[in-house]
Amino acid sequence: MHKFPQARALARSLSTRSRGLATLHNAPPAGKSPTGIVMLNMGGPATVPETNDFLRNLFMDGDLIPLPFQSLIAPWIARRRTPQIEQQYADIGGGSPILRYTRLQGERMAALLDELHPATAPHKAYIAFRYAKPLTDETAAEMKRDGVKRAVAFTQYPQYSCSTTGSSLNELWRKGRSGALGEGVEWSVIDRWGTHPGFVEAIAQNIERALSKFDEATRSDVVLMFSAHSLPMSVVNRGDPYVLEVSASVAAVMDRLGHSNPYRLVWQSQVGPSAWMGMKTGEALKGLARLGRKKAILVPIAFTSDHIETLYELDLEYAKEARELGMQVERSDSLNDSPVFIRALADLAATHLKEYSAGAIGSTSLQMGLRCPGCTNATCAQQKTWFARGGR
Ligand SMILES: C=CC1=C(C)c2cc3[nH]c(cc4nc(cc5[nH]c(cc1n2)c(C)c5CCC(=O)O)C(CCC(=O)O)=C4C)c(C)c3C=C
Ligand SMILES: [Fe+2]
Ligand SMILES: [Fe+2]
């Protein structure tokens, strides 16, 4: 039962309108350069042998993990961690599906955008991953070849963190300032969208599908365990907005569900010995079992496609352990190829392009202009100024 009839109407229109999408057209017609929609994300190794390169790029990123003597220590940590992470990618089918899903989402989004906002058509989706191919350099070369003059940096992290979206924007700024992204390109940014009604609707629909697997008589007892990748407390404590924004997503989804179930927000994938945001997802499931709450759904809330955190950590580790404790645990699907979600991406981009063209918004959001109160990273300041001037 939907508490908000308008949400249900939106969902219906989103899914029926997306069904009419027969072919994917993502190539610009000759003569007119496309509006580039650059999808920013971390990426993942598409095949097991690419794991070491992915980890090396990740540990080299000082915006994510600042290390002393980074260029010496990062390859060493990556090498040590590679066998364990390779095994995890092997166990989930031989690699990360993020490139496949981002391509699919981008192509379908661009096709929808041509209909929703013909004034800036043709639109072309580009992918710029931070740690795996296609890296920003490769994307930049493609955009230059296509003659892109108008581009939107569209983060694929629904909620903003300096360690994720911030890092991708810093990388884009480094390339932009060196001219690698092309001369005279006008940039704007979609930097967060964790309470967009289409995103909320897509998550809610996936939860409803998972709920339907439980006995109807006791369905309202099922605990919804929203799980997000954790953050080191050092990042939380410098004023990073991610924890607040993930919480806002959870609140919006629960409103859409009419608060049909009890719920908690828990945190996963803590790495290394430092203090991280908790409670840990795995521990929380064990705690529920101890308290006699034996039915739960794990809900990924901070990522738009499957990855080792869902397919390995949630499915193969935590859910399995909880079942051994006598629990019934399901996982709601990741957004992946959800037409409702893809429509939401197109709506976000179309609204942004429309409002930007009309002069109703600037090239970045007000919220993006504010640095974390505890930020000491000079790149963040330069990046924000560069994007606020439209990439100049
Ligand atoms: C919103 C999502 C994510 C946030 C926030 C995030 C912060 C963050 N991550 C690390 C360290 C690692 N993350 C690793 C993998 C990884 N991280 C995310 C998402 C977020 N990270 C994903 C989806 C993945 C997996 C990618 C895939 O499967 O395709 C890894 C590598 C794996 C491992 O060695 O365990 C590390 C390391 C930090 C330090 C951090 C915040 C500062
Ligand atoms: Fe910052
Ligand atoms: Fe991570």
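Tutor: A definition comes before anything else. A crossing is left-handed if the near helix is turned anticlockwise from the far one by less than a right angle, and right-handed if clockwise. Keep in mind that the model is predicted.

Student: Which hand does the crossing of α5 and α6 have?
Tutor: Find helix α5 at residues 136-146 and helix α6 at residues 165-177. Apply the rule for the near and the far helix. The crossing of α5 and α6 is right-handed.

Student: Which residues in α6 are met by Thr-136, Asp-137 and Ala-140 in α5?
Tutor: By class, this contact has two nonpolar, one polar and three charged residues. The partners in α6 are Glu-171, Leu-172 and Lys-175.

Student: Where is Pro-134, which has a cis peptide bond from Lys-133?
Tutor: The bond from Lys-133 to Pro-134 is cis, with omega near 0°. Strand β2 covers 123-129. Pro-134 sits in the loop between β2 and α5.

Student: How are α7 and α12 oriented, roughly parallel or roughly antiparallel?
Tutor: Helix α7 spans residues 197-211, and helix α12 spans residues 339-357. Their axes come within 8 Å and cross at roughly 170°. Angles over 145 degrees count as roughly antiparallel, so α7 and α12 are roughly antiparallel.

Student: How many residues of the contact of α7 with α12 are nonpolar?
Tutor: From α7, the contact includes Phe-199 and Ala-202. From α12, it includes Val-340, Phe-341 and Ala-344. Two residues of the contact are polar and three are charged, while the nonpolar ones number five.

Student: What is the orientation of α10 to α11?
Tutor: Helix α10 covers residues 281-290. The axes of α10 and α11 come within 10 Å and cross at roughly 10°. Angles under 35 degrees count as roughly parallel, so α10 is roughly parallel to α11.

Student: Which residues in α11 meet Thr-281, Gly-282, Leu-285 and Ala-289 in α10?
Tutor: The contact divides into four nonpolar, two polar and two charged residues. The α11 side is Glu-317, Tyr-318, Glu-321 and Ala-322.

Student: Where does Met-279 lie?
Tutor: The peptide bond from Gly-278 to Met-279 is cis, with omega near 10°. Strand β6 runs over 263-268. Met-279 lies in the loop between β6 and α10.

Student: What is phi of His-259 near?
Tutor: His-259 is in the loop between α9 (242-256) and β6. Its phi is positive, in a residue other than glycine. The value is near 50°.

Student: Which elements give two or more residues to the shell around ligand 1?
Tutor: Ligand 1 is surrounded by 24 residues, and among the closest are Gly-44, Ser-96 and His-229. The shell holds 15 nonpolar, seven polar and two charged residues. The elements are α3 (70-91) and α11 (308-324).

Student: From which domains does the shell draw at least three residues each?
Tutor: The chain is divided into domain 1 (48-91) and domain 2 (197-331). Their centres, taken over C-alpha atoms, are separated by 26 Å. The shell draws at least three residues from each of domain 1 and domain 2.

Definitions and conventions
Residues numbered from 1 in each chain as written. Chains lettered and ligands numbered in written order. Predicted model: local features only at pLDDT ≥ 70, side-chain atom pairs only at ≥ 80, totals over all residues. Near = placed C-beta within 6 Å. Helix = DSSP H or I, 4+ residues; strand = E, 2+ residues; numbered from the N terminus. Nonpolar A, V, L, I, M, F, W, Y, C, P; charged D, E, K, R; others polar. Domains from an automatic or database assignment. Axes fitted to C-alpha atoms, helices over the stretch in contact; angles between N-to-C directions. Contact = placed C-beta atoms within 7 Å. Parallel < 35°, antiparallel > 145°, perpendicular 65-115°, else oblique.
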